[in-house]
Structures are given as structure tokens and as C-alpha cells.
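Here's a quick tour of a few strands and a ligand site. Have a look at the fold first, then we'll go through it piece by piece.

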Amino acid sequence: MAVGTRTPEPFPPEVRAEFRHRPDVVFLNHGSFGSVPRCVQAAQDAWRERLEADPIELIGRRIAPLLGEAKRELAAFVGGPAEALGFVTNATEGVNAVLRSVPLQPGDELLCTDHVYNAVLQAMRHRAAETGAKVVVVPVSVPSSGQARMLEQILGGVTPRTRLAVIDHVTSVTGMRLPLEAVAQALPPEVLLLADGAHAPGGMALDLQALAAPFYTANLHKWVMAPRGSAFLRVAQAHRGGVHPCVISHNLGQGFEPEFDWQGTRDFSAWLAVPAALAFLRHLGFERILRHNHDLACWAHRLLVEGLGVEPASPLDGSCLTCMATVQVPEPLRRFGSVEALQADLRAVDGIEVPVMAWSDRWWFRVSAAVHNLPEHYERLLGAMQRRLRG
Ligand SMILES: Cc1ncc(COP(=O)(O)O)c(C=O)c1O
């Protein structure tokens, strides 16, 4: 049977009841800010209670070992030692920490693809303007013919002046998995790789120990379903001494772990609740989650592409997808005037929350496939789009 022609077995109602989405809204945008299950929220609340009951003991004296325990569990999930991990608030912060830590000279080049997340591109431009470096944006074509061609295109942007390559593991707008592992293998040793894994943990099996990337940052609030404010930066041993958090605090010069553990007084509960989110993934069965989300994304991709009669952005065999799929908005719907107007209309008229984006001269919408989604959610979106096409 062709990929994307069968829907996966949905998660049972008691699992879907862990999510608190409004019952009158079809939620197809898990990819932006995630969704925190009730049990993970309860674990974060419990941490807040503990911190509140004894703040000096827990924050003043014991925060490093408490974060150490959370990082050990995270390390077992993403691969590699806990010492390589620093908690950050979000992937944007992880990217900024690396950009500020890598020494750059005038004329150095910072490489990314045209699928780069806009906030990351802005951070690269800002750092380039400060240092006299130059941002080089290499196009990765859509429709994509697959991973081999993407690799060729990314490597085609490397020059003798390339100092840092910032490459997404899974892109935001196009929802595609880029050949990060192959890029890491193929880059010349003098080019540092910063992997933007914002959508990767929880969306695919990771072994960051095996990935030849000096820097990897990722969100945990998306597909790991940890509280917002939880993300990490992983730095390979050879580079750890030179990387500092965005916020310089007491522990400057004491090493990677102490510097990232203490970035000033803050609410540590999101980081401390990460093990509870990992336990939820284990409880549901991580393999099952991956299979469910991928199969649902592939099925929805085919449904929407065929139902709207548009060219797919990536192969229908799902070889470039994890748990999101991006589909072209049919040309006639540009009569809405702006992507915001179409997105708002889908929400107001049909109660569908789905991102609509302008990218590379075309309009796109992206569907997420999470454990709380059902096939009928995408059928409802298709119906809503078709009704708009009819007039
Ligand atoms: C590819 C990519 N990189 C970075 C980010 C930034 O994430 P955050 O806003 O949590 O920092 C996102 C957010 O969606 C993303 O999709």
C-alpha cells in the first residue's frame, strides 16, 4: 500500500483528553508552540509548589544537582552526556548563544538555506552586522526531489570563507526534514555546524552523540510536549569552553555547565518538568508516537495535495516529512489578499487553527500531526478549503 493512503490507529480518548484545546477549534498547529498535557502541567505545578515552599534550599543550594538530574534524563533521550547540555528558554536563545560565542572576522560567511526560520535569520544578520561577516542564503528548491538533491544544494553554498553553517533539522515553513546528518559528514572541518533542531526532539529518534555537529539547539516545548520555556543547547566537548549563554552571570569562566545552569534568578519549573514530559512519551510509547504522527502527516499530506489539486512541496512518499506537512494554497485563494486574512477566515468561519504562510513567492499552509489529532481534522480543513475554492 502506498505511503499516505492509510490512517494510523488514533490514540484513545483518555490520551487525547490530556490536551486542553477548545472543543470548538480544530487544532492543526501543534508545531508552533506545542501543547502541554495535563500530567506534564501538573508536574510543573508540583515543582512550583516545591520551589515556593523552600526557595533558598532548592534554588540557592540545590539547583545545579536538580538541573543535573533533568539533564541526565534528557541526555538519555537525545544521546550523549549530560555535561554537553545547557538548558535555554527556546531555540532562538540557543542560536543566539552560539552566534555570540563563535569568533567572526570581516568577510567570514554565515551560511543558511532559504528555509531558515526568520528569527534565526535575523539573529544571523545582526551578528553579521556587528562583525563584518556576511550571511549567505542558499536556495533549497521546492518541490523537493529528495534528500540527495538538498544535500547538493546546501553544500553548493559553502565557500573557503564559510565559518558557520546554520542548518535546520526540520524546517518551519516547509516542514521538511533536511539531510542534516549528511551535511554534518560532508562539511569541511573548518566550517562549524549549528543545527537548528527546533522541531526535532519528540518528532524523530535522535542520537546527537553520533551527529558530527559542534552545536545543536532544540525546543522541548514542541514535540516533547514539555512546558514552554524548555529548550536546550548541546555543545560538543571540543567547543564547550568557548560557548557562553546569552545572559552572563555569576558563573562566568567556571565552565559550560555552571554558566548555563545559572543565568540569573528565574522560574526553573519548566526545565525541571522536562523528565515528566519524557515520562509521558515513554508512557504512550515513543515508537508508537513517531509512527502515528508520521503516518498521519503523510496521509494528511496526500489527502490535501490530491484534494486541492496542487503540486506537492515534497515527495508524497513522506521521505522528507516527520510530523508536519506543508501544502500550497491554491492560487484562487489569494483573493483573500494576505495570508493573515485567509488564516483568520479559517479560524473565524470553520474553527480551524492552521498556519498560512507566504514563502518563496507562494502561499502555503502547514498541518501538524500530533497525538491529539484525528483524520477528521484534516478532512474538515480540506472541506473548508474546497468550499472557499467554489466561491
Ligand atoms: C526551525 C525553527 N527554528 C527556530 C525556532 C524558534 O523557536 P522559539 O520561538 O521557541 O525560539 C522555530 C520556531 O518555530 C523553528 O521552527
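Two strands count as paired if DSSP finds at least two bridges between them. With that in hand, keep in mind that this is a predicted model.

Let's start with β6, residues 192-196. How many of its five residues are buried? Five of the five are, so to speak, under cover. Both faces of β6 are covered, with L192, L194 and D196 buried on one side and L193 and A195 buried on the other. On to its neighbours: β6 and β7 (residues 215-219) run parallel and are joined by three bridges. Within that pairing, A195 has Y216 in β7 as its bridge partner. β6 also pairs in the parallel sense with β5 (residues 162-168), this time over five bridges. To get from β5 to β6, the chain passes through helix α9 (residues 180-186), making a right-handed β-α-β crossover.

D196 turns up again at the ligand. There are 13 residues around the ligand, and T92, D196, H199, N219 and K222 come nearest.

| Residue | Atom on the protein side | Ligand atom | Distance |
|---|---|---|---|
| A91 | polar backbone atom | oxygen | 3.3 Å |
| T92 | polar side-chain atom | oxygen | 2.5 Å |
| N219 | N or O atom in the side chain | oxygen | 3.0 Å |

How much of the ligand's accessible area does the protein cover? On its own the ligand has 390 Å² of accessible area, and the protein covers 89% of that.

Now for another strand, β12, which spans residues 362-368. It's mostly covered too, with six of its seven residues buried. Which way do β12 and its partners run, parallel or antiparallel? β9 (residues 324-328) and β12 run antiparallel, joined by five bridges, and A325 stands opposite V367 of β12. β11 (residues 356-359) and β12 are antiparallel as well, with four bridges between them. In that pairing, A358 sits opposite W363 of β12.

β11 and β12 also make a hairpin, with two residues between the strands. One more thing to check in the turn is S360, which has a positive phi of about 55 degrees.

To recap the pairings, β6 runs parallel to β7 and pairs in the parallel sense with β5, whereas β12 runs antiparallel to β9 and to β11.

Conventions:
Residues numbered from 1 in each chain as written. Predicted model: local features only at pLDDT ≥ 70, side-chain atom pairs only at ≥ 80, totals over all residues. Heavy atoms only, no water. Buried < 20%, exposed > 50% of the residue type's maximum accessible area, 1.4 Å probe, protein only. Right-handed = clockwise from strand over helix to strand, strands pointing away. Near = heavy atom within 4 Å. Polar contact = N/O pair within 3.5 Å; in protein donor to acceptor, adjacent residues only side chain to side chain. Areas by Shrake-Rupley, 256 points an atom, 1.4 Å probe, with all protein chains shown as cover.
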